[in-house]
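Take a look at the sequence and the model below.

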Amino acid sequence: MRLETVNLGVERTGEWAGSLKRTGIDKRPAGGRVMLRRLGVDGDVIIDMKNHGGEDQAVYAYAREDAAWWAKELDREIAPGGFGENLSTSGLDITGALIGERWAIGDAVVEVASVRIPCRTFAGFWDVKDLIKRFTNRAVPGAYLRVIEEGAVGAGDAIEVVHRPVEHDLTVGELFRALTTEPELLPKVLTASAVAANVREKAEKRVG
């Protein structure tokens, strides 16, 4: 399991870029090592602070194996960072990772906290009108990570799973489906103490 690239956002503008007409979704591989910090990645661009960034969404990871599926599906190249991810990984089953699972990467330790829900900006960035529906049906969302130990990471760093929760078995894939197509999974979301605070609040309201 390894980190293929660390990707940093550049500002893009356009009518497709959500209500703000500006976005940092276009992330491109950085040279050298980059610091992962509690509130985000050094040098990254985040425009929509309401929906991106913060402790529970400090870093976004997506697997190159899953990107390859989309490249074949859409018959086009998808470069590292093409999902708006900060970390492009290989050999790591992100969809099957447990909420609260911790990974050591370079000098940093990160923890799986949440999932990415597709938005119109993502669809506009790819210029695929039905991308939200297709991404939702595919249910391979990547993971938002909180930074437990700040540190520098770089392309080629090994990724080691250093902790897996034992009190629950809620995976990234199940969390995504609970929030989108399978609300019957919402009670299971509440078994994971490490789930992002905004996700827990949403699940509690919907479970009642």
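Are W70 and F135 buried or exposed? Both are buried. Keep in mind that this model is predicted.

**Aromatic pairs**

There are twelve aromatic pairs. Here are two of them.

| Pair | Geometry | Centre to centre | Angle between planes |
|---|---|---|---|
| Y60 and Y144 | tilted | 5.1 Å | 40 degrees |
| W70 and F135 | stacked | 6.1 Å | 15 degrees |

Y60 sits in strand β5 (residues 59-63), and Y144 in strand β9 (residues 143-149). They are 84 residues apart, so the pair links distant parts of the chain. Y60 has a relative accessible area of 3%. For Y144 the value is 7%. Buried means under 20%, so both values qualify.

W70 lies in helix α1, while F135 belongs to helix α3 (residues 131-138). Their pair therefore ties together parts 65 residues apart in sequence.

The largest nonpolar core has 60 residues. Within that core, F83, W103 and W126 touch the most other members. Beyond its sequence neighbours, F83 contacts residues including Y60, W70, F122 and F135. In soluble globular proteins, nonpolar side chains tend to be buried together.

The charged end of R116 sits over the ring of F122, 4.1 Å from its centre. R138 does likewise over the ring of W69, at 3.9 Å.

**A buried polar residue**

N86 lies in the loop between α1 (64-74) and β6 (87-90). Its relative accessibility is 4%, so N86 counts as buried. The N86 side chain makes a polar contact with the side chain of D44, at 3.0 Å. N86 also touches Y60, among others.

Definitions and conventions: Residues are numbered from 1 along each chain as its sequence is written. This is a predicted model: local features need pLDDT of at least 70, side-chain atom pairs count only at pLDDT 80 or more; totals for chains, interfaces and linings use all residues. Side-chain values use heavy atoms; hydrogens and water are left out. Helices (H or I, at least four residues) and strands (E, at least two) are DSSP runs, numbered from the N terminus. Buried means under 20% relative accessible area, exposed over 50%, partly exposed in between (1.4 Å probe, protein chains only). A polar contact is a pair of N or O atoms within 3.5 Å; within protein, one must be able to donate a hydrogen and the other to accept it, and residues adjacent in sequence count only if both atoms are side-chain atoms. Contact means heavy atoms within 4.5 Å. A nonpolar core is a set of buried Ala, Val, Leu, Ile, Met, Phe, Trp, Tyr and Cys residues joined through side-chain atoms within 4.5 Å. Rings of Phe, Tyr and Trp (its six-membered ring) pair if their centres lie within 6.5 Å; planes under 30 degrees apart count as stacked, over 60 as edge-to-face and the rest as tilted. A charge sits over a ring if NZ of Lys or CZ of Arg is within 6 Å of the ring centre and within 35 degrees of the ring normal. Lists of a residue's contacts leave out its neighbours within four places in sequence.
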